[in-house]
Amino acid sequence: MRRAPARIAKIVVTAAAFTAGCSFSGGGDRGQVPFDPRPLSAALVTSVADTARLREQEESAVAGCMARRGFRYEPERTTVSERAVTTNPYGLLRKEQARQDGYGVVGEILSGTGNHAPPVAHPSAGWTKALEGTHVEKVTLSTGVVLAYRPDGCAYQGREAAYGPGWNRLENELEGLQAAVMDQVEKDGRYVSALAAWSSCMRKSGYLYDGLQAPRKELARDVESTDGSDRALRSLGRKELRIASDDYVCERRVRLHDAVYEAQRYAEKSALNDSTRADLRRYQMLKRKALGSPNRSTSTGPE
């Protein structure tokens, strides 16, 4: 029996989501191509290929757990969007990205990478309980967030088996830390000033945007008005590339990447300590071990 789409993501934890995008190294080439600042120096990022491998291992571990309880569970075929890995969590653009893919809004639709999974059969109550678990426990993370989870469920136990004991809590701790760093960056005076300058630059090009996510939101609304027409989508895609190209020019002109990098470096000085650094090392070690190579890097950022 197949699980409902995105069930694993929903049932492993019930705490508030810490989605903050992927992370790359804060440094990089400051010459022809602007560096691409990411939180926590790429600690939480995993390449597309490795992400797919790790998810397959999670699914396999969940299936094994379910089988031991007398239930059939078909691991889902894993598809990982490259855009999900390469998109900057702050909304910053890279030159080639802006010119070739824009913000990825229309491209994601035209490439057919959306979730079009067929309807699945309704699982039995016993199957659902085995997968999700029934015993709720709570723990307060260092960020103050209360994490609720069901350690007796195969979803939880499958991830622990794939990565190692304590993985679920460790991952949530670090995602919370990443979100805290990003929140501090976006309140930093250097970032606020650079963003205001970017907005002014965009206004001179005819765009009324106050934040980096504004163009994406506008394009998402425009997508709905196309009614899925291929011609309309391609026309919108050309518009997206024009906006993104102008956006990138303004980001470079006001040195927004530099402002994010400096604000992030300051934020991490206060956020990182011996304990959190140890957590980051353990997180990366567990991922390398899960991939079967103790010395393999799972980051897609620069060495």
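**The disulfides, up close**

Tutor: Start with C154, which counts as buried because its relative accessibility is 0%. The model is predicted. C154 has a partner: the cysteine pairs with C65 in a disulfide, and their sulfur atoms lie 2.1 Å apart. C65 also counts as buried, at 4% relative accessibility. The cut-off behind both calls is under 20% relative accessible area.

Now the geometry of that link. The angle about the S-S bond is -75 degrees, and the link of C65 and C154 is left-handed. Look at where the two ends sit. C65 belongs to helix α2, residues 48-68, while C154 belongs to helix α7, residues 154-163; the pair therefore ties together parts that are 89 residues apart in sequence.

The structure holds two disulfides. The other pair is C201 and C250, again with sulfur atoms 2.1 Å apart. Here the torsion about the S-S bond is about -80 degrees, so this disulfide is left-handed. The pair links distant parts of the chain: C201 is in helix α9, residues 189-204, and C250 is in helix α11, residues 230-253. The two cysteines are 49 residues apart.

Burial can be read for this pair too. C201 has a relative accessible area of 8%, so C201 is buried. C250 has a relative accessible area of 1%, so C250 is buried as well.

Counting bonded cysteines, the pattern is 1-2, 3-4. In residue terms, C65 bonds to C154, and C201 bonds to C250.

Most residues other than glycine have a negative phi. L40 has a positive value, with phi near 55 degrees. L40 is found in the loop between α1 (7-11) and α2. Helix α2 is the one that carries C65. L40 is buried, because its relative accessible area is 3%.

R255 also has a positive phi, near 60 degrees, and is a residue other than glycine. R255 lies in the loop between α11 and α12 (256-271). Helix α11 is the one that carries C250.

Key: Residues numbered from 1 in each chain as written. Predicted model: local features only at pLDDT ≥ 70, side-chain atom pairs only at ≥ 80, totals over all residues. Heavy atoms only, no water. Disulfide = S-S within 2.5 Å. Helix = DSSP H or I, 4+ residues; strand = E, 2+ residues; numbered from the N terminus. Buried < 20%, exposed > 50% of the residue type's maximum accessible area, 1.4 Å probe, protein only.
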